[in-house]
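Please keep the sequence and the structure in view while reading.

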Amino acid sequence: MLKILIADDDARIRQIIRQTVAGLASAVYEASDGGEAIAVCATERPDWVLMDVRMKPIDGLRATAAIKARFPETRIAIVTQHDDAELRAEAMRAGASAYVLKENLHELPGILTG
């Protein structure tokens with residue numbers, strides 16, 4: 001079973017994602033911004049981080065780069081509503097392993113276990 005961190009500034013979205021991945025996880029942690037996500041990674045060492053992009057004060061791309069620099073074994077899936085080729089490319093450069101649109105959350109179980 002996986003340890004999963006959900007980082008999104010919208011509590012409702014975190015709950016929806018939690019429900020989507022609950023059967024795959026031995027533990028699910030939550031963060032409401034990139035800074036919190038970095039801190040949770042330091043203490044809990046999740047296998048996967050499901051990271052929103054647009055958060056303040058530290059956005060998901062900066063947090064992804066910071067997490068990958070400190071914990072290269074942690075895999076990160078960007079989970080966003082922004083279907084943008086440049087943003088997708090930036091996410092991959094930051095170290096993301098996957099890019100999922102919020103309208104396609106049903107894809108997450110396959111990504112996390114694939």
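In this predicted model, Asp-83 has a relative accessible area of 58%, and because the limit for an exposed residue is over 50%, Asp-83 counts as exposed. Its salt-bridge partner is Arg-88, with the closest N and O atoms 3.7 Å apart, and Arg-88, at 33% relative accessibility, is partly exposed.

| Salt bridge | N to O distance |
|---|---|
| Glu-73 and Arg-45 | 3.0 Å |
| Lys-102 and Asp-52 | 3.5 Å |

The side chains of Glu-73 and Arg-45 meet in a salt bridge, which links distant parts of the chain, 28 residues apart: Glu-73 lies in the loop between helix H3 (60-70) and strand S4 (75-80), and Arg-45 in the loop between helix H2 (34-44) and strand S3 (48-51). Glu-73 is partly exposed at 48% relative accessibility, and Arg-45 is likewise partly exposed at 43%.

How many residues apart are Lys-102 and Asp-52? They are 50 residues apart, with Lys-102 in the loop between strand S5 (98-101) and helix H5 (108-113), and Asp-52 in the loop between S3 and H3. Asp-52 has a relative accessibility of 5%, and because buried means under 20%, Asp-52 counts as buried. Through salt bridges that share partners, Asp-8, Asp-52 and Lys-102 are joined into one network.

Conventions
Residues numbered from 1 in each chain as written. Predicted model: local features only at pLDDT ≥ 70, side-chain atom pairs only at ≥ 80, totals over all residues. Heavy atoms only, no water. Salt bridge = Lys/Arg side-chain N within 4 Å of Asp/Glu carboxyl O. Helix = DSSP H or I, 4+ residues; strand = E, 2+ residues; numbered from the N terminus. Buried < 20%, exposed > 50% of the residue type's maximum accessible area, 1.4 Å probe, protein only.
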